[in-house]
Amino acid sequence: MTQAQEGKIRFNRENDALTFALGNREHPGRVRGKGAIPWKVGFSQDNDPYSYRSRKRKTDRDADLLGQLASELSEAKQIVNELVKERSSAGPHEDHAADVGSQQRRSSVASTEAPAGANAPLLAPAGANAPMIEITAPEPRYPVDDVHEMKECELHYPMGNISMKVAIGSALPCTPEALHHNNPIADGYARVTVEDIVQGCEDLEIDYPTPEGDVKLRDVKRQFILWKKKYIKFPGEAPRPPTPRNHPSPPPPSGGGGGSRTPPSRQPTPPPNPPPAGKQPPPSPPPAGTPPPSPPPAGKQPPPPSPPPAGTPPPSPPPAKKQKQAVTGDSKATPSWTINPEPYVPKTTRVPMPSLKPLLPRPWELSVEETNVAAAAHLEKWKADIKAKKEPEPKPVFTEKQKKWAKDFLTTPSQIQQNLPDDYGREFRRQVAILEKAMAEKKALEEEDKKALEEKEKKALEEKKEASKKCEKQVSQLGEQKKQSIPPLIVEAGTFLTASFRADMDKDIELIDPAILAAATAQGMTVTAAKERAAEFGMTLRALLGLEDAPISEVAFTYVRNGPLIEPAQEASLPTQMRDLLRWYENFIKNKAPEEEYIYAEVRKEHHFKEYCVQVHMSELFQLFNLRDLDKSILSCYVLMKLGECRKKNIFDVGFIDPHIINEYVLEKHPQDVEKDLYDFLTKQELKSEILFPYHFGFHWILLIIQFDSSKVLVMDSLNMKPKHWTSIRLMLQRVWKRFKNKITGEFKDELTFRRLANVDTQPPGTNLCGYYVCEYIQQHTSERRAQDINLRRNDLRKKLSPETRFRPIQEELAGFLMREVLHPKGEHYYED
């Protein structure tokens, strides 16, 4: 235990006190008191690399180092003690001022000293037993000490032996009377503001928290904080030379005052002065590391010092000024020379006041009287400005490049507008959601009806079972007996009871019906004439004569000039763009001139290689809202919309032919113009892979897809009509193709090959939705041309939707195009009258 108390033994893990006392090693595979578990688990608190050889080597190195340091420390103590004894035996001596204010270094000659500075402090004993030397060093200066006004700076932070920039701010002048939040500024610190923080350094802590308690660098942004002057750097300035360190000078010779001195700057050594009469110069101190001389034997006097050689000048005497010594009661005590830990360093440099102009008081800092005066002065200045005749500002002159940039800036849509979902996709998802909701509700109702029917049948079966239990014997009814006496009677219809015979009989009965005869006679006609008129009106004879109510059919909703576009009951179900277009139409018919019946879409050369306007009549908006047949102007607007969409989505291999320019009517009336326009469309779009050409003939729409590579024309027809109905455009295309082939170089065939696609969606019979199907075909070849999962799923969902819900996205898309690009003044196709 004695060795443990002295620190010679350290108990840990298996090497405990009991093991040392008994001299028996513990079993390596178990821990006493815990069972058969290894030491690593039993002594988890000592789970370090205990048995590693590197740890033992490190421990041995540390022990050797500590021993070496202890021996060196003991030797140093012994040398110090011997020096102290030698000085105490030499008797009292004078103290001289230490030149700490001068920037001169001490001479290399031990007997020669530089003159003391004017600011050198006095040496005084520190206590009753030892005098004290008060050493003061000049305050180190940094670049921030020379700042006289707020200046941009870089704030550095120490990282090991280097410093790294962590923030950018502004340094304030370091004036003596400056305060930081009404508190004095700590030594070595300056006031700065943090403007910008280097990424990754936001969590660094500052030395002095703010009054609010913020210590993180991110929390003190735009605030005044204290930062070490040493780490305040100014970009673009040359580095300042480091402040010279104060190294202690070697001890002066005995009799020269002793104590450590602040090393003065290096100057030429002055010639030595002769010593005063009767005095010898003191011996030079031994160099550092030299053992002290051995004392003389007892009873013998030390030999006198040897005289200086001939021609050697004597050393200079000590300074005449003597330092004050504090005489204590015990003057024979051994003096102990110490350094004052808190020296007083006078500030000799005066920092001028900053040249910042005083800030004007803020409006909320003014009193009521000052506010009134400022308001009155502002009012007078405003009146003077109004009365003064100011020259009109010169009209700015812009270059063509600036005008082009401004136009592109105003017409180019923003990124958020380009990335918004299109009207077609948004409305299609809405209609699909409505369909899925309706199907889910229908399925739930069917399940409820099925469940109610099952319960009803189960209840009826239970009632029947209960009724059978009450009756002991059941009597079979007629036809239910097991044994039948005669077979059942089966009557077969003969030839005389056919449907035509029954119809003839009904006609004859009507001719001899007394009520019909009386009603026809009352109206002045025979029964035969009444029957013919009833057939003309699509009514029965009895309904015509008033013997029964006639069926009333719904009156079709038709367009009326300045009338509504849609029935009021259907307005609530309109999507966003169609509702906005309806509001625009209502305002238009209120404020328009009587002769205004059209809206115009401007077409420029970058669209279809010529300039013209597409006229859209108000009745065509009515057709669009009520899902009626589409006219050529609406299909032309749809082509313009898809043309702009392909340009925005970088689809450059698809071209278009405007149906407003080429259709059956223009082909019959102006075939030469059609041939010229069709030739221009082909030649100016020769680099396209395919050209989409919606063609209108009669009351039907088809889509022709012209492919240059294969010299084919694919026909997409929702009614699968025979080619003879559009023979005229076929002949025109063949004629233009020959001219195109002769002018344009390429691997083209002599004639175009027309092929009708069979896997296209067909419209229901009796409908006029061919224009909407053509718009859907164009949608598939532009926006949905890529074979993605969403496009394949959209094609499957179209077949499940009804025509009203299937083409509502196309109506919404066209309404949005008209509102944004045709009717809006900043639209691409807006036409100014």
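Me: What counts as a helix here, and in which helix is Leu66 found?
Reply: A helix is a DSSP run of H or I with at least four residues, and helices are numbered from the N terminus. In this predicted model, Leu66 is found in helix α4, which covers residues 53-89. The chain holds 23 helices and 17 strands.

Me: Why is Leu66 called exposed?
Reply: Exposed means over 50% relative accessible area. Leu66 has 59% relative accessibility, so it counts as exposed.

Me: What makes Leu65, Leu66 and Leu69 a patch?
Reply: Nonpolar side chains, Leu among them, are joined into a patch within 5 Å if their residues have over 30% relative accessible area and no salt bridge. Leu65, Leu66 and Leu69 form such a nonpolar patch on the surface, with about 310 Å² of accessible area together.

Me: Which residues form the negative surface patch, and why is it called negative?
Reply: The patch is formed by Glu446, Glu447, Glu448 and Asp449. Asp and Glu count as negative, so the name follows from the residue types. Glu448 is found in helix α8, residues 423-470. At 51% relative accessibility, against a cut-off of over 50%, Glu448 is exposed.

Me: Is Ser633 buried or exposed, and how do you know?
Reply: Buried means under 20% relative accessible area. Ser633 has 1%, so it is buried. Ser633 lies in helix α16, residues 632-648. Leaving aside neighbours within four places in sequence, its contacts are Val614, Gln615, Val616, Glu620 and His660.

Me: What value decides whether Ala519 is buried or exposed?
Reply: Its relative accessible area is 12%; this is under 20%, and therefore Ala519 is buried. Ala519 is found in helix α10, residues 514-522.

Me: What makes Leu545 a contact of Ala519?
Reply: Contact means heavy atoms within 4.5 Å, and Ala519 touches both Leu545 and Leu547 when residues up to four places away in sequence are not counted. The C-alpha atoms of Ala519 and Leu545 are separated by 6.1 Å, although these residues are 26 apart along the chain.

Me: Why is the pair Lys676 and Asp680 called a salt bridge?
Reply: A salt bridge needs a side-chain nitrogen of Lys or Arg within 4 Å of a carboxyl oxygen of Asp or Glu. For Lys676 and Asp680 the N to O distance is 3.4 Å, so the pair qualifies. The two residues are four apart in helix α18 (residues 671-683), which means a separation of about one helical turn.

Me: How do you know that Glu602 and Arg604 qualify as a salt bridge?
Reply: Their closest N and O atoms are 3.9 Å apart, within the 4 Å limit, so this pair counts too. Glu602 is partly exposed at 25%, and Arg604 is partly exposed at 22%. The structure holds 31 salt bridges.

Me: What does the salt bridge between Arg798 and Glu776 tie together?
Reply: The side chains of Arg798 and Glu776 meet at 3.5 Å, N to O. Arg798 lies in helix α21 (residues 789-798) and Glu776 in helix α20 (residues 770-781), so the pair ties together parts that are 22 residues apart in sequence. Both Arg798 and Glu776 are buried. Salt bridges with shared partners join Asp761, Glu776, Glu784, Arg794, Arg798 and Arg806 into one network.

Terms used
Residues are numbered from 1 along each chain as its sequence is written. This is a predicted model: local features need pLDDT of at least 70, side-chain atom pairs count only at pLDDT 80 or more; totals for chains, interfaces and linings use all residues. Side-chain values use heavy atoms; hydrogens and water are left out. Patches are made of residues with over 30% relative accessible area and no salt bridge: like charges are joined within 9 Å, nonpolar side chains (Val, Leu, Ile, Met, Phe, Trp, Tyr) within 5 Å. Accessible areas come from the Shrake-Rupley method with a 1.4 Å probe; for residues, only the protein chains shown count as cover. The place of a charge is taken as NZ of Lys, CZ of Arg, CG of Asp or CD of Glu. Buried means under 20% relative accessible area, exposed over 50%, partly exposed in between (1.4 Å probe, protein chains only).
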